[in-house]
Amino acid sequence: MKKIYNFNFVSKFKITNLASIFLTLISLILISFKGLNYGIDFKGGTLIELRVESDKITISDIRSAFSNMNLGDLNVKEFGKKGDYLIKFEKKEFNKNSNIKTIKENVVSKLGVDANFRRIENVGPKVSAELLNSGLLAISLALGAMLFYIWVRFEWQFSLGSITAIFHDVLITLGIFSLLSLEVNLSIVAAVLTIVGYSMNDTVVIYDRIRENLSKYSSSSIEDISNTSINETLSRTIITSVTTLLALGSIFVLGGEILKGFSLAMIIGVLIGTYSSIFVASPILKYLKVSYKSIAKDEEKN
Amino acid sequence: MLNFSKIKIILIYFSFIVISLFCYSNFSDSKNIFLKKKINLGLDLQGGSYLLLEVDSTPLQNRQIQSKVIPLKKKLIEKKITYTNFKIKNNKIIFDISQDDKEKFDNFFTDKNNDINTFLDKYRSFELEYNLVNNQIIIGLSKNGIINLNTSAVDQSIEIVRKRIDETGTKEPSIIKRGSNRILVELPGVKDPERIKELLGKTAQLSFRLVTDNKTEFGNEFFTLTDTQEKISVSKRIILTGDNLIDANPKYDNINQEPIVAFTLNRLGSQRFGQATSKNIGKRIAIILDNEAISAPVIRDSITGGQGTISGNFTFQTATDLALLLRSGALPAPLSVVEERTVGPDLGQDSIDAGVLSLLIGFILVIVFMIIKYRFFGLIANISLISNLLMLIGFLTLLEATLTLPGIAGIILTVGMAVDANVLIFERIKEELNKNIGNNIQAFDLGFKRSVITILDANITTLIASIILFIFGSGPVKGFAVTLSIGLITTLFSAYFISRHLTSIIVLKNKEKKLLI
């Protein structure tokens with residue numbers, strides 16, 4: 001009845017670590033050279049969600065309705081249901097003669113049918129710069145706070161291991177966003193912060209067990225202890241990932257277009273976070289030569 | 001860990017029931033102060049407009065610097081400081097002084113009791129600061145001087161913004177100060193914020209001044225009339241400003257049926273207007289609104305009753321808007337929209353529907369999965385999950401929190417992650433059961449004890465992340481942080497108390513029987 005896992009994870013560390021380093025590097029290269037596809041929250045600009053209740057209107061009609069108004073770089077795409085469009089343009093600031101009201105009137109008269117402006121967002125250049133800064137600050141602070149918490153609760157080797165795992169998760173998630181040119185906006189910052197929390201959560205569970213086993217089997221090598229601990233917590237790791245993914249999958253499929261990017265980032269993050277707590281956070285303890293002795297010594301010092 | 005005293009049991013379920021009962025008040029219309037509490041829907045769910053306005057204080061800085069010129073010159077003469085090349089450029093006062101006067105100047109300018117460079121107690125700094133380049137003195141507003149100007153402009157503007165929005169009939173607007181130079185306006189249910197944006201975009205500074213024949217720039221300004229395109233020269237002397245108005249209403253002119261604005265002046269205004277009009281019969285009076293001359297009628301008779309009208313190529317709508325602006329008063333500085341987010345009501349409803357559906361499906365998926373995985377104990381985990389959700393919603397109601405679309409996502413995520421605590425406990429018990437077959441109580445006891453620390457560690461990390469998000473997040477994203485943080489707390493409560501208690505009942509009843517988790 002009772003399943004006891006006994007996989008040899010440690011033997012795979014070398015190959016998975018190489019894969020992780022490779023993926024992290026690729027992600028870094030993508031993020032620095034291809035860049036992230038910032039939404040209007042961080043870049044400034046205007047977004048309009050439009051619904052047209054007419055079969056005759058095509059995406060190119062929508063595009064031409066918005067052209068010739070000096071709106072700057074224009075991007076039109078279908079958005080969920082048929083007849084729904086998402087229009088984004090560069091123009092950030094409006095004045096008396098060119099504003100959302102005149103754009104609306106122009107578009108409706110050019111399309112020749114009524115259009116429902118379901119959502120309008122406009123972010124000015126000052127605000128977008130502030131939002132980007134506060135987003136970066138929030139993520140850095142969250143990382144700092146995690147580091148501090150783990151440092152207080154565990155030894156420094158664990159701190160380093162878990163923070164490496166978090167960086168790994170966040171970088172690869174953003175790398176995938178860069179690769180697929182998915183939009184990075186305020187909700188992605190929320191997703192990244194949640195991934196940081198989740199990845200940490202997953203790592204902590206395994207670390208807790210490693211530390212417990214270190215004192216229980218003080219003569220065993222860190223490799224054996226890591227392997228035992230990962231296997232002992234494997235069932236929990238899988239079940240929690242599954243239920244979290246079930247919830248996120250439900251948001252992704254049914255939660256509407258607005259939550260798509262957010263839930264996708266979270267799904268990627270949870271998958272990578274689960275992987276990294278086994279294959280990134282644990283090997284680092286081995287490389288840092290953590291043993292019962294080193295832990296005991298540290299504790300004496302404190 | 002399995003022994004619960006009666007008091008503890010009562011306390012646990014009492015607090016659970018009290019908090020969960022708040023869910024109900026969302027569906028009741030009672031006026032009772034407890035049942036009145038409701039979860040607020042964010043603008044992204046109920047539809048509405050979020051506007052972040054910024055005060056453009058450049059004209060204010062300009063005015064403030066201008067106002068210093070005459071007193072400063074007087075003071076310099078009084079202190080026997082000789083100045084040359086006095087000028088104003090880019091909101092800075094610039095002049096030259098001799099080497100010997102530098103110290104004298106510094107002494108009076110940085111004296112806390114001088115009446116030109118005000119010392120701002122609030123900021124512990126002077127309003128103005130000066131730079132000395134060779135023998136040239138450059139005086140400008142200090143950083144705190146600008147903040148002080150912005151703050152007072154925002155404070156004055158907020159009241160006027162509220163009046164203007166109230167006049168449009170918007171229900172329950174929220175108008176709050178943000179930082180030193182911004183105002184955040186939230187307008188629930190507003191479908192088209194364009195009119196409000198237009199109304200807020202005008203300072204509505206009105207003045208009545210005489211049209212002169214004098215074509216020199218000294219004491220005069222030139223305008224082009226917006227109705228007739230005629231070029232006129234207008235005296236800088238102001239007879240009346242909008243501050244003297246107590247009421248304004250749109251009307252139709254009796255003679256040509258054109259829309260006009262009829263106004264009523266206060267006592268001081270009536271006196272001044274009466275004097276000016278009786279002295280200048282036959283002359284023209286220009287009506288200047290936000291640096292545009294809207295009309296310049298001829299004064300036919302003295303107007304002493306404090307009543308008058310403004311004409312100027314209005315439609316009835318523009319006359320109505322102008323009357324509204326004049327009634328609510330002039331803004332000290334122009335406001336510009338630096339961020340806008342507007343959601344139509346139908347999109348809001350679609351979001352609610354999608355959010356609720358995905359919550360329901362996510363919930364069912366997790367529940368089914370737990371039953372398949374843990375059978376009987378899955379049921380306990382599910383009861384704890386349901387009570388968790390009830391408490392989460394109860395808490396949100398109690399705090400009258402704002403629920404946003406990302407907030408709903410936070411609730412769904414809580415559902416997914418909440419079972420983690422139960423899983424940690426069950427897995428640990430499983431291990432203990434494997435070690436001590438036949439001794440249920442000990443195995444469960446150890447299982448709970450050992451998993452508690454891990455559960456705390458694991459949840460605190462997520463809690464830290466979501467609190468940081470709450471502090472830094474803006475708008476809808478903040479709602480995510482709210483539901484996730486409260487969700488973590490209710491998760492800890494339901495796992496640590498409710499599922500532990502339910503498990504203890506089962507275990508204590510089946511001391512000898514083999515229990516399979």
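The C-alpha centres of domain 1 and domain 2 of chain A lie 40 Å apart. Domain 1 covers 10–39 + 127–301, and domain 2 covers 45–123; the bounds come from an automatic or database domain assignment. This is a predicted model: local features need pLDDT of at least 70, side-chain atom pairs count only at pLDDT 80 or more, and totals for chains, interfaces and linings use all residues. Residues are numbered from 1 along each chain as its sequence is written, while chains are lettered from A and ligands numbered from 1 in the order in which they are written.

**Contact between chains A and B**
- Chain A gives 59 residues to the contact and chain B gives 57 (contact: C-beta atoms, placed from the backbone, within 7 Å).
- On the side of chain A, α8(A) supplies the largest share, 14 residues (helices, H or I, of at least four residues and strands, E, of at least two are DSSP runs, numbered from the N terminus).
- Other elements giving two or more residues include α4 (100–111), β5 (115–123) and α5 (125–153) of chain A.

**Strand β20 of chain B**
- β5(A) joins β20(B), residues 335–343, through five antiparallel bridges (strands pair if DSSP finds at least two bridges between them).
- A:I120 stands opposite B:T342, and A:E121 has B:R341 as its bridge partner.
- β2(B), residues 48–55, pairs antiparallel with β20(B) over eight bridges.
- Within that chain, B:L53 is the bridge partner of B:V337.
- Eight of the nine residues of β20(B) are buried (20 or more other C-beta atoms within 10 Å of the residue's own, with C-beta atoms placed from the backbone).

How values were computed:
Two residues are in contact if their C-beta atoms, placed from the backbone, lie within 7 Å. A residue is buried if 20 or more other C-beta atoms lie within 10 Å of its own, exposed if 12 or fewer, and partly exposed in between; C-beta atoms are placed from the backbone.
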